[in-house]
Amino acid sequence: MSREDVRPGEFELIARHFAPIAGRDGLGLLDDAALLRPARGYELVVTADALVAGVHFFPDDPAGSIARKALAVNLSDLAAKGARPDGFVLTLALPKGWAEDWLVAFAAGLAAVAGEAGCPLIGGDTVSTTGPLTLSITAFGSVPAGRMVLRSGAKPGDLVLVTGTIGDGALGLRAHGPDRPGWVARLCEADRAFLADRYLHPQPRLALAQALQLHASAAMDVSDGLVGDLGKLLAASRVGAEIELDAVPLSAAARNAVMADPALAELAWTGGDDYEILCTASEVEFPSLAAAAQAAGLGLARIGRVTAEVGTVRYSEAGRPRSFARGSFVHF
């Protein structure tokens, strides 16, 4: 008899696969609620993201990779707010015909990211669905009272900064997907693997969270594309910006992709799935933030400056103005 023929019921499924990921605040997943205890002088930060097969990941992606991405994108939101992860809840809608081997790999991927981040599973729900695999995570973090880094704090004269490299996620989606464009074949295997990994396994920049609390004036993560997400931050802060696209950091693999097809530069700037930190900081605070990024092993690039022109973003490339017909990924 195969394992699929003896699939566990809901409570056995939880006990077997998810209770080992739960911390004390999850009460061993034996109750129908969790208990969070923020320390005195701290506030809770809450974020949620849903992922649907065929929309946010390919249905045949490895189960562990799906789990890792689902939690990592929420942790990325917490990092951008300067928050320390405290726990998360998971809602998992499994399609008909799911196999327990898939769930074993899913739970292992989830446990790996939860362990690295110190963010235990504290509750959730498991259901079946006639539609595609769907999962939603709500993550909780904490910050000292009044220290959450908002989108709305950027001020004229601040520097516009971004961590890591931009464009890898969007290019990795194409390199990993079933319908690969011609430029993918012109990349070496190492570049294809690097880009695909950046798409499959986002890396939340939690190591920079405390420094963002102390030194950033505004921040958010880059999930829907640098150009579009910058627009959101500037709109919240009621300011504008001047951006030098040549200063936007690209990985070696992304540069090789752009060399194979120069039109990919726009995809790198607008495509999303990077989960890097986009932030602003004053000239005075920038050295401390840069030092913290260096200590965490992260790049932190200056790509522009905030202006007082509300709603106006001027992009330049090689000294010439540049505009975009489409700024970012849109859900609807």
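Trainee: Let's start with one side chain: does W102 count as buried, partly exposed or exposed, and at what relative accessibility?

Mentor: Before that, keep in mind that this is a predicted model. The cut-offs are simple: buried is under 20% relative accessible area, exposed is over 50%, and partly exposed is in between. W102 has 22% relative accessibility, so it counts as partly exposed.

Trainee: And how does F106 count, buried or exposed?

Mentor: F106 counts as buried, because its relative accessibility is 0%.

Trainee: How do I read the way those two rings sit together?

Mentor: In general, you describe a pair of aromatic rings by how far apart the centres are and by the angle between the planes. Here, the ring centres of W102 and F106 are 5.1 Å apart and the planes are at 15 degrees, so this pair is stacked. Both residues belong to helix α3, and because they are 4 residues apart there, about one helical turn separates them.

Trainee: How many aromatic pairs are there by this rule?

Mentor: The count comes to 4 aromatic pairs. Ring pairs also link W269, Y315 and F324 into a cluster.

Trainee: Now the strands. What's the general idea of a sheet?

Mentor: Strands in a sheet pair through backbone hydrogen bonds, and they can do so parallel or antiparallel. In this model there is an open sheet of 4 strands, in the order β1-β4-β2-β3, with mixed pairing. β1 (42–52) and β3 (121–129) are at the edges with a single partner strand each, so one side of each has no neighbour in the sheet. On average, neighbouring strands of this sheet are turned by 15 degrees against each other, direction ignored.

Trainee: How many bridges join β1 to β4?

Mentor: There are 11 bridges between β1 and β4, and the two strands run antiparallel. β2 (residues 84–95) and β4 (residues 134–144) are antiparallel too, joined by 9 bridges. Have a look at T134 in β4: it is the bridge partner of V52, and it is also the bridge partner of A93.

Trainee: Which residues does T129 touch, leaving aside neighbours within four places in sequence?

Mentor: T129 sits in strand β3. Leaving those neighbours aside, T129 is in contact with A93, L94, P95 and K96. The T129 side chain also reaches the backbone nitrogen of G131, at 3.0 Å.

Trainee: Which strands does helix α2 lie across?

Mentor: Helix α2 (residues 63–80) lies across β1, β2 and β4, and runs at about 145 degrees to β1. Helix α3 (residues 100–117) lies across β2 and β4, at about 170 degrees to β2.

Trainee: Can we zoom in on α2? What does the side chain of S76 make a polar contact with?

Mentor: S76 is in helix α2, and its side chain makes a polar contact with the side chain of D221, at 2.8 Å. S76 counts as buried because its relative accessibility is 0%. Not counting residues up to four places away in sequence, S76 touches P204, D221, Y275 and I277. S76 and T47 are 29 residues apart along the chain, and 9.7 Å separates their C-alpha atoms.

S65 counts as buried because its relative accessibility is 9%. Leaving aside neighbours within four places in sequence, S65 is in contact with L200 and H201.

Trainee: How do I tell which side of a helix faces inwards?

Mentor: An α-helix has 3.6 residues a turn, so residues three or four places apart point the same way.

Terms used: Residues numbered from 1 in each chain as written. Predicted model: local features only at pLDDT ≥ 70, side-chain atom pairs only at ≥ 80, totals over all residues. Heavy atoms only, no water. Pairing = 2+ DSSP bridges. Axes fitted to C-alpha atoms, helices over the stretch in contact; angles between N-to-C directions. Contact = heavy atoms within 4.5 Å. Polar contact = N/O pair within 3.5 Å; in protein donor to acceptor, adjacent residues only side chain to side chain. Phe/Tyr/Trp six-rings, centres within 6.5 Å; stacked < 30°, edge-to-face > 60°. Buried < 20%, exposed > 50% of the residue type's maximum accessible area, 1.4 Å probe, protein only.
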